[in-house]
There are 4 protein chains.
Amino acid sequence: MDSIDKLAEYFKEFPGIGERQAKRFVYFLMSRNSNYSENLSRLITDLKKEIAQCKECFRFFNLNKINHSLICELCSDPRRDDTTLLIVEKDSDLESVRKSRLYNGMYFVLGGLVPIIEKNTPSQVRLGELKEKIKGKNLKEIILAFSISPQGDHTDFYIRSQLKDICDPLNIKISSLGRGLSTGTEIEYSDNETIKNALKNRQ
Amino acid sequence: MDSIDKLAEYFKEFPGIGERQAKRFVYFLMSRNSNYSENLSRLITDLKKEIAQCKECFRFFNLNKINHSLICELCSDPRRDDTTLLIVEKDSDLESVRKSRLYNGMYFVLGGLVPIIEKNTPSQVRLGELKEKIKGKNLKEIILAFSISPQGDHTDFYIRSQLKDICDPLNIKISSLGRGLSTGTEIEYSDNETIKNALKNRQ
Amino acid sequence: MDSIDKLAEYFKEFPGIGERQAKRFVYFLMSRNSNYSENLSRLITDLKKEIAQCKECFRFFNLNKINHSLICELCSDPRRDDTTLLIVEKDSDLESVRKSRLYNGMYFVLGGLVPIIEKNTPSQVRLGELKEKIKGKNLKEIILAFSISPQGDHTDFYIRSQLKDICDPLNIKISSLGRGLSTGTEIEYSDNETIKNALKNRQ
Amino acid sequence: MDSIDKLAEYFKEFPGIGERQAKRFVYFLMSRNSNYSENLSRLITDLKKEIAQCKECFRFFNLNKINHSLICELCSDPRRDDTTLLIVEKDSDLESVRKSRLYNGMYFVLGGLVPIIEKNTPSQVRLGELKEKIKGKNLKEIILAFSISPQGDHTDFYIRSQLKDICDPLNIKISSLGRGLSTGTEIEYSDNETIKNALKNRQ
């Protein structure tokens, strides 16, 4: 396999990229000057050196040049409200909430959703780490922020049941993001679940 | 214009139907037997004879064979809670809420949304009829159930402002369907407005 | 079932129309005045009375008010070239070729494509009628104009094999529509078959 | 701007990639191990070292390890027919024709299409290089293989007019890829141009 095909194979692993677009990426790189390729190449290598996974919230973050702490800028920001913890599935969900500038508490990246069919405690999500974190903090509320899908709903249910014994004695409230009509929802095409929540949460 | 083209012109006025599909409808009718065409034709004529617009909620409904009342079966059902009134834009929105079987109050079909740009009280929605209806009833709550769009939001705002003077003295609460995450919402791709409501309405 | 649901059932049989859109058609009809419904209803009934299937080409056509001939205006037009016969699957294909104003010969509507899997001569296409028609005319060329799909290709192959014994002695040429790049074709995304034909038919 | 955002900026320049997907690519790279990133990074750098642009056809190709010729394996293959030259817009078009294994002549990558509105000879396509190539070779036919779009048609027209004075005295025929029905074409939905070509090129 030549270098064109080898590189296309790598691009094919990128999320949402098929064989054809992978090949187009390679042609695109060939058409750009060497400078572009070298910069891109260096940025990819540097990424792994310049980012770290936060030991508190498990999000990826840029390492501070001066202070090589392994705690991200959100977790180390004293102005943030450390009595609230919002739990998301993945980094991009966290970014979405963060960019809204509407939440000022702490975050925790679970690292995945809990599959519906598995019986044993799933090892692919950070349940142990989450429990540890809750115990050590002065929390008043945990907000579960998972996508509205069967797996997201199951994860919400599962995490609630797993955290109950820890949260109840500590008087930590567990809440979930509110449900109802979201931007673009048309009443005519809404499913019963959405209408149910929209009626229940009317205000 | 021949009868094929004339009929295609009529189908072109159907919601969501372009010239090409209108023509296909005509070819489809030609390919079916006369029986099908005659039945369809009769059903269309009968529709106007067998349905009426309810004098209470303004929805279209099938006339009762025995009692030719102009009040629909929802408005005349004594088991429904007549202290709550849900206001929708159009019949299909009402159907969607009704099918969810989660609401047992009364309905009112506004007949449209209020355009954002118009200055005068829009005549195309049934504001006068709505005001009359509210005065005569024993209402405790009015629920506004419009789609989540700029025009839907504007209609919500406009109707609230128009009903305030009537509802306040009568102690009628005005609410709107709850907003938040709806079925299928992915946190990653949510807009700020949806995240704001989801955080505010968490529970 | 009430008249609303009954009519929706009929619209659901229209090509490309699902349950939801069928219901919207009914709501649309209810919202229009009686005049509209009555006209539509009458046009549908009249369609069957005012159109006939041409005894020559089997297309549906509007009956002439004066001369109630069962031969359509294309087949009875003496200015059309009756030495060429273009065979299509269905009326809407014929309309598409006709609207291009690039063909001045005669037409024949086969009434369907020949399924690939069936063994026996399919009875759903007008093969017998086609053979009769060819024998009686003074044809020089038959043009097969089927869509480019496995079933279209099979129909092309099948009709050729069935007509060979009639056409060869009469010196009637059988041709098929040319293949190659069509409007919108991008070389990058073309399949081998299209490239093969485009290379072969280059000019 | 931190390294996450910087890398996302680079991915945003990839063909067909928006801001959101660019960011997802970065999260994807963070989630993979260092090995993956390093390999990808090295392949990108190596690409520019291991490929060259062929001095004959201007396509990008993998450099031969032994013979560091700047002529690609297609242009240096003595089994290919050097009396035919197929001109394409870009590398991926050439790949598409090549993969069909239906053409055994030579290629030339023009490097772009000729914009319709520009008055001056466009400098962004390799017209000078093409003219030089034609003069030095023993060609019998030039095949223009551009996409079927207004700009593709214009490029076909423009290149023909530019090459006429060179090709006529040398008796080199200029042809274009054949037009007609392509895979998936439905007669019903064909435009007039496609029907015209399909009728003209029937066989």
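This is a predicted model: local features need pLDDT of at least 70, side-chain atom pairs count only at pLDDT 80 or more; totals for chains, interfaces and linings use all residues.
The domain assignment of chain A divides the chain into domain 1, residues 3-49, and domain 2, residues 78-203. Taken over C-alpha atoms, the centres of domain 1 and domain 2 of chain A are separated by 35 Å.

Chain A contributes 35 residues to the contact, and chain D contributes 35 residues. On the side of chain A that touches chain D, at least two residues each are supplied by helix H1 (3-12), helix H2 (19-31), helix H3 (34-50), strand S2 (60-62) and helix H4 (91-99) of chain A. H3(A) provides the largest share of this side, 13 residues. Sorted by class, the side of chain A that touches chain D holds 16 nonpolar, 10 polar and 9 charged residues.

A second contact joins chain D and chain C. Here chain D can be laid on chain C by a turn of 180° and a shift of 0.1 Å along the axis, with an RMSD of 0.2 Å. D:Gly180 comes closest to the rotation axis among the residues of chain D, at 2.2 Å for its C-alpha. Both copies use the same surface, as 100% of the contact residues of chain D recur in chain C. In this contact, 41 residues of chain D meet 41 residues of chain C. Helix H4 (91-99), strand S6 (173-176) and helix H7 (192-200) of chain D are the elements that give two or more residues to the side of chain D that touches chain C. The most, 9 residues, come from H7(D). By class, this side of chain D comprises 13 nonpolar, 19 polar and 9 charged residues.

Other pairs of chains are not in contact. Chain A and chain C do not touch, and their nearest C-alpha atoms are 9 Å apart. Likewise, no contact joins chain B and chain D, whose closest C-alpha atoms lie 9 Å apart.

One residue of chain D was followed individually. D:Asn201 lies in the segment after H7 of chain D. D:Asn201 has 21 other C-beta atoms within 10 Å and is therefore buried, the cut-off for a buried residue being 20 or more. Apart from neighbours within four places in sequence, D:Asn201 is in contact with D:Gly178, D:Arg179 and D:Gly180, and also with C:Gly178, C:Gly180 and C:Asn201. D:Tyr10 is 191 residues away from D:Asn201 in sequence, and the two are 47 Å apart in space, C-alpha to C-alpha.

Two helices of chain C were examined for their buried residues and their surroundings. In helix H4 of chain C, residues 91-99, the buried residues are C:Asp91, C:Asp93, C:Leu94, C:Ser96 and C:Val97. These buried residues of H4(C) pack against elements of three chains: helix H2 (19-31) of chain B, strand S2 (60-62), S3 and strand S4 (105-109) of chain C, and H7 of chain D. C:Arg101 follows H4(C) and has a positive phi, near 55°.

Helix H6 of chain C covers residues 150-170. At 1.5 Å a residue, the 21 residues of this helix should span 30 Å, which agrees with the 30 Å between its end C-alpha atoms. H6(C) bends by about 55° at C:Lys164. Buried residues in H6(C) are C:Gly152, C:Thr155, C:Asp156 and C:Ile159. Strand S3 (81-88), strand S5 (141-144) and strand S6 (173-176) of chain C are included in what covers these buried residues. Just after H6(C), C:Asn171 takes a positive phi of about 60°.

Conventions: Residues are numbered from 1 along each chain as its sequence is written. Chains are lettered from A and ligands numbered from 1 in the order in which they are written. Two residues are in contact if their C-beta atoms, placed from the backbone, lie within 7 Å. Helices (H or I, at least four residues) and strands (E, at least two) are DSSP runs, numbered from the N terminus. Ala, Val, Leu, Ile, Met, Phe, Trp, Tyr, Cys and Pro count as nonpolar, Asp, Glu, Lys and Arg as charged, and the others, Gly among them, as polar. Domain bounds come from an automatic or database domain assignment. The expected span of a helix is 1.5 Å times one less than its number of residues. The bend at a residue is the angle between axes fitted to the seven residues ending there and the seven starting there. A residue is buried if 20 or more other C-beta atoms lie within 10 Å of its own, exposed if 12 or fewer, and partly exposed in between; C-beta atoms are placed from the backbone. Copies are superposed by least squares on the C-alpha atoms of residues with pLDDT of at least 70 in both.
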